[in-house]
Structure formats: C-alpha cells, structure tokens
There are 2 protein chains.
Amino acid sequence: MIGTQTTDKQNAMNETSPVCKTFNKNDSAKEFVPTANLDDVSEYQDLFEEFGASFVPKEKSLKSLIHDMCVEEESEDAFYIVDLSKVVRQMLQWKAYLPRVTPFYAIKCNPSPAIMRIVEAMGGGFDCASKQEIGAAALLLKGENDKRIIYANPCKLPSHMRYARGAGVEMVTVDNEDELHKIKKHWPDAKVIIRIVTDDSHSVCRFSSKFGAQIKDCNHLVSVCRELDLNLTGISFHVGSGCFNEIAFVQAITCAREVFDIAERHGFKLSLLDIGGGFPGITEEGKPSFIQIANAIRDLLDELFPVDQVQIIAEPGRYYACASHTLVTHIFARRKVHKINPEDDGSDYLYYINDGVYQSFNCLLFDHAEIKSVRSIDMSEDFEDGTGNEQTGPKLKSTIFGPTCDSMDCIVKGIDLPVLDLGDVLYFPDFGAYTVAASSAFNGFKTVIMKYIWKN
Amino acid sequence: MIGTQTTDKQNAMNETSPVCKTFNKNDSAKEFVPTANLDDVSEYQDLFEEFGASFVPKEKSLKSLIHDMCVEEESEDAFYIVDLSKVVRQMLQWKAYLPRVTPFYAIKCNPSPAIMRIVEAMGGGFDCASKQEIGAAALLLKGENDKRIIYANPCKLPSHMRYARGAGVEMVTVDNEDELHKIKKHWPDAKVIIRIVTDDSHSVCRFSSKFGAQIKDCNHLVSVCRELDLNLTGISFHVGSGCFNEIAFVQAITCAREVFDIAERHGFKLSLLDIGGGFPGITEEGKPSFIQIANAIRDLLDELFPVDQVQIIAEPGRYYACASHTLVTHIFARRKVHKINPEDDGSDYLYYINDGVYQSFNCLLFDHAEIKSVRSIDMSEDFEDGTGNEQTGPKLKSTIFGPTCDSMDCIVKGIDLPVLDLGDVLYFPDFGAYTVAASSAFNGFKTVIMKYIWKN
C-alpha cells in the first residue's frame with residue numbers, strides 16, 4: 001500500500017514503487033451456472049433483419065454454406081460472412097457471467113455497423129479512440145453519449161476532446177500530467193478516469209510501453225487533479241489484448257482498488273471502475289476462456305468495489321468481433337515451382353488469393369496473428385454436405401500470396417495443402433478482430449463485401 | 001544461351017539453368033550532359049493551378065514554409081506538402097537522361113491525382129496493378145489506354161482482365177503457364193509481355209520470390225504462347241524496389257535480350273521491352289542515383305534493342321513520388337518517464353503525434369523504411385528564416401508514438417531530441433513513396449490533407 005500523501009513531485013518520483021499484491025490461480029472458485037438460455041436468439045430477429053441477414057439453419061456446416069455462396073456469387077472479390085447471431089450470443093453470455101459489468105464495445109477492433117447496432121440494442125456502450133469513432137457511436141446512441149461512451153484513448157488531440165465534449169460525452173481516460181492540463185483547458189467538466197499500468201506480461205499485445213500511469217505516479221496525478229479541480233471519477237486498466245492468464249485481471253483489479261484508496265485519501269470518492277479489454281473471442285489452447293476470466297473476477301469485483309457505490313464497465317472488442325466474421329477468398333492465380341531436385345527447399349506451388357497483408361491479413365503484422373492451417377474447398381466437384389468434399393491426394397508444400405504486386409504480401413509459406421486449382425476457395429473462420437479495421441486499399445484491392453447471416 | 005527449342009515440359013524443367021552474362025561497373029562510361037534546362041518549370045504553371053498549388057519562392061526553406069503553414073492551419077490533422085514542381089523536374093530529368101524510355105508511372109506507389117496528371121500531361125503512361133488502378137488511369141487518358149497503360153500485375157483476377165480488355169488496355173504481363181491459359185480464355189487479343197526473374201540481390205525489396213519466370217522456363221512459356229496462338233509482344237523485368245547497384249539493370253537487360261532471342265527462335269518478333277521499376281527518388285549513400293543508372297544503361301539499350309524495332313518502357317514509382325511529399329505532424333500528447341535512476345534504459349520522453357504506423361508510417365513495416373533522424377520545429381518561439389529556430393539545450397532519449405491505442409503504433413524509439421512541447425511540429429521530407437498508398441483508417445485516424453505547392 002502507498003502510505004505517502006505528498007503532492008511533491010520529486011518525492012513522488014523517488015518513492016519506492018509500491019507493488020500490488022500478487023495472486024495465484026484459485027482452483028477452488030465455485031462453479032457458476034447461469035439460469036438464462038444463452039442459445040436462443042429468436043427474439044432478436046428484427047435486429048438481424050435490419051441488416052438483411054439470411055437465416056441459416058444450425059445444421060448447415062460453414063463449409064457447405066461457403067460453397068453455396070461461392071457458386072451463387074458473381075463477383076470475384078473476397079468477402080466476409082458475418083454471423084450476427086454469434087454477436088447476440090456473446091452478449092447473452094456476457095450478461096450471464098458478468099451481470100454487473102457493462103461492456104463498452106471497443107470500436108477500433110472492427111467498426112462494423114452491425115456489431116455496433118447489436119451492442120447498442122442490447123444495452124452496451126462504446127469505447128472510442130477518436131473523434132471519428134465518437135461520431136459513429138453517437139449516431140446510434142441518439143442522446144445517451146454521456147452514459148454510454150467512454151473516450152478511452154489516454155492521449156488525445158485537443159480538437160477531438162472539444163468534439164467529444166460538444167457531443168455530450170463525459171467519461172475520458174488520462175494517464176499523464178500533461179493530459180490533465182489539457183483536460184483542464186479543453187474539457188474541465190469531464191469525468192476523469194486515470195488509466196493505470198498493470199502487469200501485461202501475460203498478454204500477446206502489451207500496451208504498458210505506451211499507455212498507463214505507473215502506480216508510483218498515481219499519488220501525484222491524483223494531487224494534480226485536486227489542484228486543477230478536476231472531476232476525478234474512476235480508474236481503468238488494460239491487461240493487454242490476447243491475455244493468456246486470468247490472474248492478470250485479478251492482479252489489475254486489486255491494483256485499481258489501491259488507487260481508489262489513494263484517491264480517497266485526497267478526498268475523491270470514485271464511482272467508476274473500467275476493467276478494460278483482453279477478453280478472448282474464441283477459446284484457444286493455453287489461454288483462459290471468457291468464462292474462466294469471468295469466474296475469476298466476478299466475486300472479487302463485489303468484494304473490492306461495493307455494488308451500491310461503484311459502476312463497473314469493460315472494453316471488450318475481440319470478444320464480440322472475432323468469431324462473428326469468416327473471410328472467404330479464392331485462388332485466382334497459381335504457379336508450379338519447377339524444382340531442379342524434388343528435395344529442394346521451398347514450396348511446390350505458389351497460390352495467389354484475393355485478400356492479403358495490405359487488407360484483412362494486416363493482422364499478421366499488426367496483431368501477432370499466425371496462419372497455422374488453411375481450409376480449402378474444391379469448387380470443381382459436386383459438394384456433399386456434412387464433411388464436405390475433402391480434397392484427397394498428396395499434400396504438397398504451398399505458399400499463399402495476397403493480390404498486390406509486393407512480395408511482402410505473403411500470407412503463409414510452406415504449408416501443407418492438396419494441389420488446388422484456380423477458382424478453389426480458401427476460407428478463414430474467426431477472422432473479425434483487427435482485420436478489416438486496419439485494411440488499406442493498396443494496389444486498389446480492398447475487401448468490403450459483408451454477407452450477413454444468422455443461425456438458430 | 002539456351003540452345004534447346006523443345007516444347008516438352010519435362011525437358012524444359014530438367015535442362016540446366018542458363019546463366020545470363022554478368023557485368024562489372026563500367027567506370028569508363030562516357031559522361032552525358034543533357035542540353036535541356038532541367039530546372040525551368042515555368043511552362044507548367046497551368047498544371048500547378050489545376051490543383052490550386054501555391055507558389056513558394058525557391059529561397060524559402062522547407063522548415064520556414066512548414067512553420068508558416070502550421071501557424072495558419074486551424075485543423076489538428078497531420079498533412080502533406082506536395083511540391084508539384086518536383087514531379088515536373090523529375091520528368092524533365094527522365095526525358096533528358098533516358099529519352100528513349102517512356103516512363104509508365106507505377107500508380108501503386110502513390111495514387112495521387114496530381115502526380116498522375118503531371119505524368120499524363122508530360123507524355124508518360126501508367127503501370128496498373130488492378131481494375132481500380134486501370135479505372136483511375138483511364139479517367140485521365142481519355143482513349144489512349146491501348147498505348148499508355150500496362151496491366152503489370154503478373155497474377156490477375158479474370159474479372160479484372162475482362163475489365164482491362166473492355167477499357168481498351170492492350171499490354172499485360174504474365175509469368176506462368178496458368179496465366180497464359182487465363183489470357184487465352186479472357187483476353188485472347190492481349191499483347192502479352194513475359195516478366196522474367198532477374199537477380200534482385202542488389203535491392204531492398206526483392207520480388208523474385210513472388211513474381212517472374214525463371215529464364216530456364218521461358219522456352220516453355222514461349223512455346224505455350226505459340227500453341228495458344230497468343231500475341232507475345234515483349235519481355236519485362238523488375239530489379240526490385242530500392243536497387244543499390246546499377247549493374248542489376250545491366251544484367252537484367254542482357255537477360256531480356258536472351259529471352260528476345262528465345263522468342264525469335266519460336267517465330268515471334270518482339271517489339272517491347274519493359275525495364276520495370278527500381279529507380280530511386282532521392283540520392284542515398286551507397287546507392288546509385290537515377291543519373292548513374294541511366295548512364296549505365298542508355299547506350300546498352302540501343303546496342304541490344306534496335307531503335308526502329310523495339311519500344312522501351314519503364315515502371316518508375318518512387319522516382320516521381322518520393323521527394324514530392326513532406327509529411328507534417330505535431331505532438332499532441334507527451335509523457336515524461338520518471339526513471340528511478342537517470343541511467344536507466346529507455347526514453348526520457350514519450351511523444352504522441354497525429355500520424356503513425358497504421359497510416360503513413362506503414363512504410364516502416366511494409367517498405368523496410370527506417371526513421372534515422374527527426375526534424376522538429378519549436379512552435380512557441382518567433383521563427384527566424386534561414387536556419388530556422390534550432391532547439392538548443394540538451395538532447396534526451398525520446399520515443400515517438402502514433403495516435404492509435406495500439407502499442408505497436410511506435411514510429412521510433414530512443415532517438416535523441418531536444419525537449420519538445422505539446423504543439424511542436426515534427427516533419428518528414430521525402431515521404432511520398434509507399435506511405436499514403438497503404439494507409440488505413442484504424443482507430444478513425446487517416447492523413448488525407450494535401451497542400452499543393454510549386455517552386456521556381
């Protein structure tokens with residue numbers, strides 16, 4: 001615990017860095033069984049219809065669905081299948097397992113109007129990083145910007161701050177002293193939320209090099225809030241995107257409690273905790289599921305932050321976007337490599353598909369993504385539903401390139417694939433997070449077609 | 001030289017790879033002195049006015065110009081200064097040093113309407129990689145698509161091929177057998193240009209892993225052209241972008257001559273040589289200048305490709321775009337790092353500017369670019385023209401981040417800078433190649449403002 005209440009900057013800098021308590025996994029956490037039906041999405045059909053979503057019976061396999069769509073599709077552009085019922089089911093699961101925590105969808109992850117609309121309709125809010133994202137959220141919210149938008153970029157352009165204030169946004173995150181002075185100047189009535197650094201060594205994407213106040217600096221930041229007469233309202237953290245240990249959340253929540261206590265010693269009564277993002281959209285080996293994270297923190301939140309005093313929000317992005325999108329591409333060019341010796345290194349076939357690292361696959365560079373397997377559909381044969389038409393025959397080392405003229409535009413090298421033909425389909429499920437969001441139009445290519453579906 | 005004329009695929013695969021002649025630098029190349037005035041752009045004022053370009057006297061320093069623009073500018077967005085007279089001067093230089101070679105501007109490098117308009121007005125053509133780029137070029141050319149567009153993506157979507165044909169484009173590059181069959185099906189009257197692999201070990205961006213036919217495969221490809229009755233018209237190569245040895249061009253031109261000879265043995269009389277891209281936009285240490293490359297190849301082209309028989313084109317991108325654009329950003333947030341010990345590793349200051357790796361600085365990931373120095377302007381002081389207001393005082397280790405919420409969005413770490421303040425300007429000259437072209441709108445940020453100027 002931090003004992004000092006000094007507002008002297010030099011003292012604050014020199015004090016020993018306090019260390020938040022550390023935790024081990026609590027394997028004895030009681031099992032939680034939600035009572036609601038988390039699978040029934042029938043009451044959300046109106047929402048699906050807003051986006052012209054086609055109904056697909058749950059028995060229909062993804063592969064069969066893609067085959068049918070590709071047979072019908074006349075354009076040669078890559079496209080996304082967006083399953084809106086998956087977004088609804090994620091929200092139902094969230095409400096069941098973390099009923100006290102309001103999700104503020106991180107628009108940056110995928111600014112899909114359909115995901116945003118479902119989040120809005122089901123009572124969520126929005127984590128916005130810029131003027132443009134605030135504008136998109138405000139269009140949906142029609143007057144509830146004060147309660148349902150958090151401007152959660154700790155470093156903000158003054159013009160964006162003025163825009164947010166003008167739009168009625170109230171909550172804003174801050175993590176350094178210069179930013180507090182900017183708030184005082186451009187947005188003096190904002191509800192200030194200090195973003196703290198937490199241990200993000202358990203996450204794929206670590207943010208602590210760029211954002212977050214050190215715990216040892218919080219006493220000083222709180223005192224500056226007091227000096228500037230700012231409306232310090234809460235604390236936020238972000239364990240990092242792609243978190244692989246739920247203990248990271250437990251530790252961060254405990255740290256946040258300590259900063260609540262620091263603020264109380266300065267006379268602030270904080271009323272908001274923002275537990276950030278890092279919630280997975282799919283279950284991956286070696287990483288906790290959403291349910292495991294929820295089970296690890298649900299009771300702790302009540303224990304440390306009394307229900308009647310503190311509102312709790314979170315900033316999930318991947319959680320809603322990831323599994324809802326499947327990218328569908330096809331092979332439009334192919335090159336057989338003429339090896340002098342069959343044992344030579346390198347691929348036997350090079351394939352070229354209509355999306356690449358400058359478009360949806362920017363996640364390979366920016367989001368630490370890796371393509372470990374590739375699913376293909378042989379479009380020349382009649383399709384048998386069920387297992388689909390598995391390509392037989394030998395598998396050969398293959399390299400998959402994107403469509404641009406740059407050799408950097410390579411999706412995966414040396415992967416085992418059957419011999420594929422021009423027109424065959426490659427598809428990538430769980431491809432909605434940090435893909436289209438940072439896609440460019442380099443060489444004139446950009447995947448923009450969204451085919452909405454829902455399943456019972 | 002390849003002696004065999006067999007069309008048997010297996011034989012073609014097994015034959016020993018022929019090696020093109022290698023060359024050493026020819027230091028005795030005679031000096032070439034152009035007679036035209038390469039600096040006078042006065043007759044192009046109408047072109048500059050089409051884009052509302054402001055006149056800036058050549059005595060005005062870039063730093064002083066940026067200072068004045070930033071004082072006047074009310075928006076807080078990053079912007080580009082685009083000096084159109086630099087594009088004109090590059091074209092004048094090209095025509096003087098390589099009068100026989102028609103430049104086809106590689107739109108992908110920077111699809112700037114202003115650069116494209118100048119290239120078009122001064123007689124150049126366009127290297128297009130997709131339907132979208134062909135559409136943009138066709139808008140300008142108004143009916144000369146047959147002679148002034150080359151569809152230079154060796155791997156093409158059939159729908160894009162049909163679009164090109166419909167738009168009257170004739171020239172198209174190909175580098176594999178599957179693609180020849182696609183041409184036969186979708187564009188049987190195209191002027192086919194075989195792109196060959198050349199030694200690209202002298203270049204920063206190497207394309208041979210993705211594109212280009214091996215010389216040993218050319219005999220077979222030419223025979224397929226004959227079997228399919230295709231209109232084989234020429235040969236192209238690309239030494240790679242950022243070439244650092246002009247000998248790469250000399251070797252590639254000699255290889256192309258050998259493939260001309262192969263084609264002649266199959267009864268084709270080729271009439272087009274495309275010497276690709278790789279021409280630098282600025283002079284860099286350790287790399288040949290455009291003039292050095294031109295001097296190395298000018299006479300060789302005439303020697304190997306008779307003037308009255310072969311048209312020669314090239315695909316420069318960087319050459320026109322690089323120096324024309326200066327990116328102007330400003331610091332909108334700052335964080336002083338409270339080091340426990342002053343000797344600790346890491347930066348003393350973190351700065352956040354309004355463009356980053358998801359926008360213009362994508363070149364750090366995609367184009368092997370590196371930020372070696374950063375130029376800054378102290379906006380708090382009166383500006384003295386000439387040397388500008390150099391920031392004095394100690395330089396501290398500094399890190400510069402882009403504006404998004406991602407910690408990957410880091411432009412440079414640990415660079416020496418004076419202590420800068422919020423509102424101070426950082427600018428990046430020679431920033432027009434492969435920057436805006438692959439910029440995304442991640443987090444809602446995108447640099448789109450272009451301020452056109454011209455200098456006498």
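Predicted model: local features only at pLDDT ≥ 70, side-chain atom pairs only at ≥ 80, totals over all residues.
Residues are numbered from 1 along each chain as its sequence is written, chains are lettered from A in the order in which they are written, and side-chain values use heavy atoms, with hydrogens and water left out.

**The contact between chains A and B**

- Chain B and chain A each give 65 residues to the contact, where contact means heavy atoms within 4.5 Å.
- About 5900 Å² is buried between chain B and chain A, 59% of it on carbon and sulfur atoms; buried area is the accessible area (1.4 Å probe) that two parts lose on being put together, summed over both.
- Of the area that chain B buries against chain A, 14% comes from B:Lys210, B:His338 and B:Phe366, more than from any other three residues.
- Six salt bridges are counted between chain B and chain A, a salt bridge being a side-chain nitrogen of Lys or Arg within 4 Å of a carboxyl oxygen of Asp or Glu.
- B:Asp175 and A:Arg335 meet through their side chains in a salt bridge of 2.7 Å, N to O.
- There are also 30 residue pairs in polar contact between chain B and chain A, both residues at pLDDT 80 or more; a polar contact is a pair of N or O atoms within 3.5 Å, where within protein one must be able to donate a hydrogen and the other to accept it, and residues adjacent in sequence count only if both atoms are side-chain atoms.
- Among the elements that give two or more residues to the side of chain B that touches chain A are α6 (131-141), α8 (158-166) and β13 (325-336) of chain B, with helices (H or I, at least four residues) and strands (E, at least two) taken as DSSP runs numbered from the N terminus.
- The largest share of that side of chain B, five residues, comes from β13(B).
- The residues on the side of chain B that touches chain A divide into 28 nonpolar, 19 polar and 18 charged, where Ala, Val, Leu, Ile, Met, Phe, Trp, Tyr, Cys and Pro count as nonpolar, Asp, Glu, Lys and Arg as charged, and the others, Gly among them, as polar.

**Annotated features of chain A**

- An unreviewed UniProt entry lists residues 84-321 of chain A as "domain: Orn/DAP/Arg decarboxylase 2 N-terminal"; UniProt positions are given in the numbering used here, feature names are shortened, and annotations may be inferred rather than shown by experiment.
- The span 84-321 of chain A is 45% helix and 17% strand, and its end C-alpha atoms lie 10 Å apart.
- UniProt, in an unreviewed entry, places the feature "active site" at A:Cys405, a residue in the loop between β16 (395-401) and β17 (410-418) of chain A.
- A:Cys405 is buried at a relative accessible area of 7%; buried means under 20% relative accessible area, exposed over 50%, and partly exposed in between (1.4 Å probe, protein chains only).
- Not counting residues up to four places away in sequence, A:Cys405 touches A:Asn443 and several residues of chain B, including B:Lys108, B:Phe207 and B:Phe211.

- A:Asn354, in the loop between β14 (349-353) and α14 (363-366) of chain A, is buried with a relative accessible area of 6%.
- A polar atom of the A:Asn354 side chain lies 2.7 Å from the backbone oxygen of A:Glu76, and one lies 2.9 Å from the backbone nitrogen of A:His330.
- B:Asp367 is buried with a relative accessible area of 13%, and its side chain makes a polar contact of 3.0 Å with the side chain of B:Arg318.

**Helices α5 and α6 of chain B**

- In α5 (residues 113-121) of chain B, the buried residues include B:Ile115, B:Ile118 and B:Val119, and the helix is followed by B:Gly123, whose phi is positive, near 95°.
- The buried residues of α6(B), among them B:Ile134, B:Ala137 and B:Leu141, pack against α5, β4 (125-128), α7 (145-148), β5 (149-151) and α8 of chain B.

**Salt bridges within chains**

- Over all chains, the structure holds 48 salt bridges.
- A:Asp302 forms a salt bridge with A:Arg100, with the closest N and O atoms 2.8 Å apart; this pair links distant parts of the chain, 202 residues apart.
- B:Glu50 and B:Arg117 form a salt bridge whose closest N and O atoms are 2.6 Å apart, and because B:Glu50 lies in α2 (residues 45-50) and B:Arg117 in α5 of chain B, the pair ties together parts that are 67 residues apart in sequence.
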